[in-house]
Amino acid sequence: SAEIISGKELAAQTRLEVKEAAEKLAARGVIPGLAVILVGEDPASSSYVRGKEKACREAGIHSEVDRVSVQITEQELLKKIDKLNKNENIHGILVQLPLPEHISEDKIIETISPDKDVDGFHPINIGRMMIGKESFLPCTPFGIVHMLKSKNIKLEGSHAVIIGRSNIVGKPVGQLLLNENATVTYCHSRTRNMKEITRQADILIVAVGIENFLDSTFIKKDAVVIDVGINRNTEGKLVGDVNFTDVKEKASFLTPVPGGVGPMTITMLLYNTVNSAEKSLNRKQG
Ligand code: NAD
């Protein structure tokens with residue numbers, strides 16, 4: 001039966017390291033700062049933002065949340081970002097997605113300074129990641145790679161299959177694994193004969209968003225399975241994309257939901273914010 005990779009434990013440990021780095025920066029006179037803009041009152045978004053605030057507080061990161069009306073114009077939102085770009089006390093800027101229809105997410109993301117884009121969504125950071133240059137890495141993919149490495153799972157030469165090709169999870173996690181010299185295959189909603197492909201995977205990353213999407217017939221024995229999905233089942237409980245009890249018997253490693261990839265995502269946001277503060281201080285001090 002599979003070893004369960006606890007994102008909760010790894011997140012706690014990583015957050016301690018982030019906190020130490022934040023304390024070192026404080027001793028050099030800089031408190032890392034994260035600014036979050038939350039548009040509207042969507043309950044899921046509000047809850048994510050509260051989680052980020054709490055995590056910042058615990059890690060010694062200054063955070064400020066600007067909660068604005070759903071009726072804010074694109075122009076007004078762009079102005080707020082511009083102000084934060086120039087604010088020396090702010091090292092990370094995050095606009096909680098999704099945004100209302102009348103605001104272009106692309107425009108908003110592209111206005112955030114790449115030097116403060118701690119979500120790693122700016123095309124410049126995506127491009128830098130693609131060509132293997134230093135950049136802010138998108139938090140969920142970054143967290144997944146961190147989890148794999150924490151268990152010394154071999155990436156080089158391994159066949160990693162990703163199900164899902166979104167810009168925030170599927171595509172970038174494949175790119176990061178490619179950067180680690182894995183052989184990467186993407187599957188998605190138009191993929192034919194998917195099981196033939198997924199059964200070849202040494203590492204299988206499932207980021208679809210459908211409860212019980214994946215059972216043990218999709219995997220070969222001893223595969224490593226990372227469940228990124230976050231779904232609510234009919235009882236209102238959080239569940240992943242993977243049939244946990246079934247896959248657990250066949251996989252070598254498996255991540256749970258909740259307590260798997262989720263806690264790592266916020267952790268890497270904290271990491272990116274402290275890293276950004278460090279870079280900004282080094283730029284100043286030469
Ligand atoms: P998305 O809806 O943007 O993408 C889903 C992907 O799944 C698409 O690329 C699509 O091609 C693929 N897909 C859909 N149906 C399929 C099918 N039948 N067969 C094969 N592929 C299919 O979602 P996303 O933003 O990438 O998120 C995916 C899941 O991960 C969601 O449940 C989301 O809530 C969760 N998520 C979790 C975290 C975290 O921190 N744990 C972060 C982001 C997203």
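Leu176 sits in helix H7. Helices here are DSSP runs of H or I with at least four residues, strands are E runs of at least two, and both are numbered from the N terminus. A quick note on the source: this is a predicted model, where local features need pLDDT of at least 70, side-chain atom pairs count only at pLDDT 80 or more, and totals for chains, interfaces and linings use all residues. Residues are numbered from 1 along each chain as its sequence is written.

Back to Leu176. Is Leu176 buried or exposed? Leu176 counts as buried, because it has 21 C-beta neighbours inside 10 Å. The cut-offs: buried takes 20 or more other C-beta atoms within 10 Å, exposed takes 12 or fewer, partly exposed lies in between, and C-beta atoms are placed from the backbone.

What does Leu176 touch? Leaving out residues up to four places away in sequence, Leu176 touches Leu137, Pro141 and Val145. A contact means C-beta atoms, placed from the backbone, within 7 Å. Leu176 and Phe142 are 34 residues apart along the chain, yet their C-alpha atoms are separated by 7.7 Å.

That takes us to helix H6. H6 covers residues 139-150, twelve residues in total. From first C-alpha to last, H6 reaches 16 Å, close to the 16 Å expected at 1.5 Å a residue. The expected span is 1.5 Å times one less than the number of residues. Nine of the twelve residues of H6 are buried. Among them are Pro141, Phe142 and Val145. The buried residues of H6 pack against helices H1 (7-27), H7 (170-179) and H10 (261-285). They also pack against strands S7 (203-206) and S8 (224-227). After H6 comes Asn152, with a positive phi near 55°.

Next, the ligand. How many residues surround the ligand? There are 22, and the closest are Gly164, Ser166, His188, Gly209 and Thr265. Near means a C-beta atom, placed from the backbone, within 6 Å of the molecule. H10 gives the most to this shell, with three residues.

Now the annotated positions. An unreviewed UniProt entry marks Gly164, Arg165, Ser166 and Ile230 as "binding site". UniProt positions are in the numbering used here, feature names are shortened, and annotations may be inferred rather than shown by experiment.

Take Gly164. Gly164 lies in the loop between strand S5 (159-163) and H7. Gly164 is buried, because 23 other C-beta atoms lie within 10 Å. Beyond four places in sequence, Gly164 is in contact with Val169, Gly170, His188, Ala207 and Val208.

Then Ile230. Ile230 is in the loop between S8 and strand S9 (231-232). Ile230 is partly exposed, because 18 other C-beta atoms lie within 10 Å. Beyond four places in sequence, Ile230 is in contact with Leu238, Val257 and Gly262.

Last, the whole protein. It has ten helices and eleven strands. Its C-alpha atoms fill a box of roughly 50 × 40 × 35 Å along the principal axes. Of the 286 residues, 42% are buried. Among contacts between residues at least 6 apart in sequence, 69% join residues at least 24 apart. The unreviewed UniProt entry also gives a domain, "Tetrahydrofolate dehydrogenase/cyclohydrolase catalytic", over residues 5-119. That stretch is 50% helix and 16% strand, with its end C-alpha atoms 24 Å apart.

How values were computed
Two residues are in contact if their C-beta atoms, placed from the backbone, lie within 7 Å.
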